[in-house]
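Here is a short report on one protein model. Please look over the sequence and the fold before reading on.

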Amino acid sequence: MSNPYESAFGEEQQPAKQGVDKPKEGLDFSNLPPLEESDLTPALDELLARCEAFTQEATTFGQLLSRLRVVDHQVRGTGKQHWLKLLIEIEDKHQQPSLAGERKYFRLLQDKFSAIIVPMKALAEQHLVCLKQFHDEIDENYYAPNKTDLEVKREIERVKGDLLLQRQILHDAQRALVILKDALAATEYRLNSYINAGGENNLATAELVLMKKDRQQLTDGITHNFNYTFFALNLLDKASLKFGLVPQKTTAQYLSGLSLALESREL
């Protein structure tokens, strides 16, 4: 008796095959690489973990900034105002009693600068990764199958807060580097008085020129391939900064600028 379902589906029953079945034609998935664990992690959960990792490293970095007491090296005034004060004031609280003392102070400032800019660059790289993932994968339509809409909304707001915190930490580090940069420049100015002074306090012009060159490469970010000045904020920025983005710039523009700040710079 014929199969009553054959005509309904337009198929005829095939006789059973003997022996080994012939492989079916089609795509072969047997050689695909196994999925990485990160491929199975929802984007928002992965981003929250990255923000938490940043916070943990930033905690240690903040303690470093406290120990270095950079504010103790702050010079009075800036720019022309500062140099005018140096000309009319006799006392300078940072002035050292000898050339050896000024050299030692100069090296101290350089060491503190390097101690800050190296971990700051690492944090900036993490900030870039977090911000890029937020820009590329998280928006108002983001959906997580294991979370309610309210939970997703709260976690997105948490990420925004973390990005703002990251931006503020990097800004504070940038301010510390600027203080050290000004202190190094002021020390160079005081060293000028030792040029060809004779005796134990004699400083050759050639030595000072080389000291200035090394200092400039350090404080311009060339030595460490990092334009830390990217994280400077003006008064308008401080008033309107939103989750780590420079005001009046799109996320893409901010990401582009941050990427350039972290790229290797030619000497």
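## Overall fold

This is a predicted model. The protein has eight helices and zero strands. Along the sequence the pattern reads α-α-α-α-α-α-α-α. Of the 267 residues, 36% are buried. Contacts in the protein with a separation of 6 or more come to 79% from residues 24 or more positions apart.

## Helix packing

The table gives their axis geometry.

| Helix pair | Axes come within | Crossing angle |
|---|---|---|
| α2 and α5 | 10 Å | roughly 30° |
| α4 and α6 | 11 Å | roughly 20° |

Take α2 and α5 to begin with. Helix α2 covers residues 43-68, and helix α5 covers residues 149-191. Their axes cross at roughly 30°. The two helices are therefore roughly parallel to each other. Their crossing is left-handed.

Which residues meet in this pair? On the α2 side they include Leu 44, Leu 47, Leu 48, Cys 51, Phe 54, Ala 58, Phe 61 and Leu 65. The α2 list also holds Asp 45 and Glu 52. On the α5 side they include Val 152, Ile 156, Val 159, Ile 169, Ala 173 and Ala 176. Glu 155, Arg 158, Asp 162 and Gln 166 of α5 take part as well.

Ile 169 sits in helix α5. Leaving out residues up to four places away in sequence, Ile 169 touches Phe 54, Ala 58 and Phe 61. Ile 169 and Phe 61 are 108 residues apart in sequence. In space, their C-alpha atoms are 9.2 Å apart.

Now α4 and α6. The axes of α4 and α6 cross at roughly 20°. That angle makes α4 roughly parallel to α6. The crossing of α4 and α6 is left-handed. From α4, the contact is made by Arg 103, Phe 106, Gln 110, Phe 113 and Ser 114. From α6, Glu 207, Met 211, Arg 215, Leu 218 and Thr 219 make the contact.

Thr 219 deserves a separate look. Thr 219 belongs to helix α6. Is Thr 219 buried or exposed? Thr 219 counts as buried, at 1% relative accessibility. Leaving out residues up to four places away in sequence, Thr 219 touches Phe 113, Lys 181, Leu 184 and Tyr 228. Two of these partners, Phe 113 and Tyr 228, return below as a ring pair.

## Aromatic rings

How many aromatic pairs does the structure hold? It holds three. One of them joins Phe 113 and Tyr 228, with ring centres 5.7 Å apart and planes at 75°, so the pair is edge-to-face. Phe 113 lies in helix α4 (residues 99-137), while Tyr 228 lies in the loop between α6 (205-219) and α7 (235-240). The pair therefore ties together parts that are 115 residues apart in sequence. Both Phe 113 and Tyr 228 are buried.

Another pair is formed by Phe 230 and Phe 231. Their ring centres are 5.2 Å apart and their planes stand at 85°, so this pair is edge-to-face. Phe 230 and Phe 231 are both buried. Together with Phe 226, Phe 230 and Phe 231 form one aromatic cluster.

## Cysteines

A search of the whole structure finds zero disulfides. The cut-off for a disulfide is 2.5 Å between the sulfur atoms. Seen from Cys 130, the closest cysteine sulfur is in Cys 51. Cys 51 is buried, with a relative accessible area of 0%. Cys 130 also counts as buried, at 2% relative accessibility.

## Two asparagines with positive phi

Asn 196 is not a glycine, yet has a positive phi of about 55°. Asn 196 lies in the loop between α5 and α6. With a relative accessible area of 60%, Asn 196 is exposed.

Asn 225 also has a positive phi of about 55°, although it is not a glycine. Asn 225 is placed in the loop between α6 and α7. Asn 225 is partly exposed, with a relative accessible area of 25%.

How values were computed
Residues are numbered from 1 along each chain as its sequence is written. This is a predicted model: local features need pLDDT of at least 70, side-chain atom pairs count only at pLDDT 80 or more; totals for chains, interfaces and linings use all residues. Side-chain values use heavy atoms; hydrogens and water are left out. Rings of Phe, Tyr and Trp (its six-membered ring) pair if their centres lie within 6.5 Å; planes under 30 degrees apart count as stacked, over 60 as edge-to-face and the rest as tilted. Helices (H or I, at least four residues) and strands (E, at least two) are DSSP runs, numbered from the N terminus. Buried means under 20% relative accessible area, exposed over 50%, partly exposed in between (1.4 Å probe, protein chains only). Contact means heavy atoms within 4.5 Å. Axes are lines fitted to C-alpha atoms, for helices over the stretch in contact, and angles run from 0 to 180 degrees between N-to-C directions. Angles under 35 degrees count as roughly parallel, over 145 as roughly antiparallel, 65 to 115 as roughly perpendicular and the rest as oblique. A crossing is left-handed if the near helix is turned anticlockwise from the far one by less than a right angle, and right-handed if clockwise.
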